[in-house]
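This report covers selected local features of one protein model.

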Amino acid sequence: MVSLTAPYVSGFLAFREVPFLLELVQQLREKEPDLMPQVLLVDGNGVLHHRGFGVACHLGVLTDLPCIGVAKKLLQVDGLENDALHKEKPSGTCTEQLLNNDMLSP
């Protein structure tokens, strides 16, 4: 269990949580190197952070591991909007959507 002493400030999650996550990765690297993951999924934004460098980016740079930000909320980013169209559920499987996408055609 980790006790966080810094308050949550929107947009600055990395400064609150990365030190503890980094410590966990370092402990794993030292004690169980065979269990080191090839990639980390991080509860927070990465490059889709409104400043372009979220908690996933911070952790990736400090651990030298690829990190994917898996945020609960879409922050405001140029070209992406958190609107009704974004919340629409896609029809068909991912494969069907890819096959029907004109951008894949030569």
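## Aspartate 64

Aspartate 64 is exposed, with a relative accessible area of 72% (exposed means over 50% relative accessible area, buried under 20% and partly exposed in between, using a 1.4 Å probe and protein chains only). The residue sits in the loop between α2 and β2. Although aspartate 64 is not a glycine, its phi is positive, at about 60 degrees. Helices (H or I, at least four residues) and strands (E, at least two) are DSSP runs numbered from the N terminus.

## Basis of the values

The model is predicted: local features need pLDDT of at least 70, side-chain atom pairs count only at pLDDT 80 or more, and totals for chains, interfaces and linings use all residues. Residues are numbered from 1 along each chain as its sequence is written, and side-chain values use heavy atoms, with hydrogens and water left out.

## Threonine 63

Threonine 63 belongs to helix α2 and is buried, with a relative accessible area of 2%. Its side chain reaches the backbone oxygen of leucine 59 at 2.7 Å.

Leaving aside neighbours within four places in sequence, threonine 63 is in contact (heavy atoms within 4.5 Å) with Leu22, Val25, Arg29 and Leu40.

## Nonpolar core

The largest nonpolar core has eleven residues: Leu13, Ala14, Val18, Val25, Met36, Leu40, Val42, Val55, Ala56, Leu59 and Leu65. Such a core is a set of buried Ala, Val, Leu, Ile, Met, Phe, Trp, Tyr and Cys residues joined through side-chain atoms within 4.5 Å. Two or more residues of this core come from each of α1 (13-31), β1 (40-42) and α2 (55-63). The largest share, four residues, is from α1.

Leucine 65 is one of the core residues. Not counting residues up to four places away in sequence, leucine 65 touches Val25, Arg29, Met36, Pro37, Gln38, Leu40 and Gly60.

## Salt bridge

How many salt bridges does the structure hold? There is one, where the term means a side-chain nitrogen of Lys or Arg within 4 Å of a carboxyl oxygen of Asp or Glu. The bridge joins lysine 72 and aspartate 43, with the closest N and O atoms 2.9 Å apart. Lysine 72 lies in the loop between β2 (67-69) and α3 (84-87) and aspartate 43 in the loop between β1 and α2, so the pair ties together parts 29 residues apart in sequence.

Lysine 72 is exposed, at a relative accessible area of 71%, while aspartate 43 is partly exposed, at 48%. Side chains of opposite charge can pair when their charged atoms come close.

How values were computed. Polar contact = N/O pair within 3.5 Å; in protein donor to acceptor, adjacent residues only side chain to side chain.
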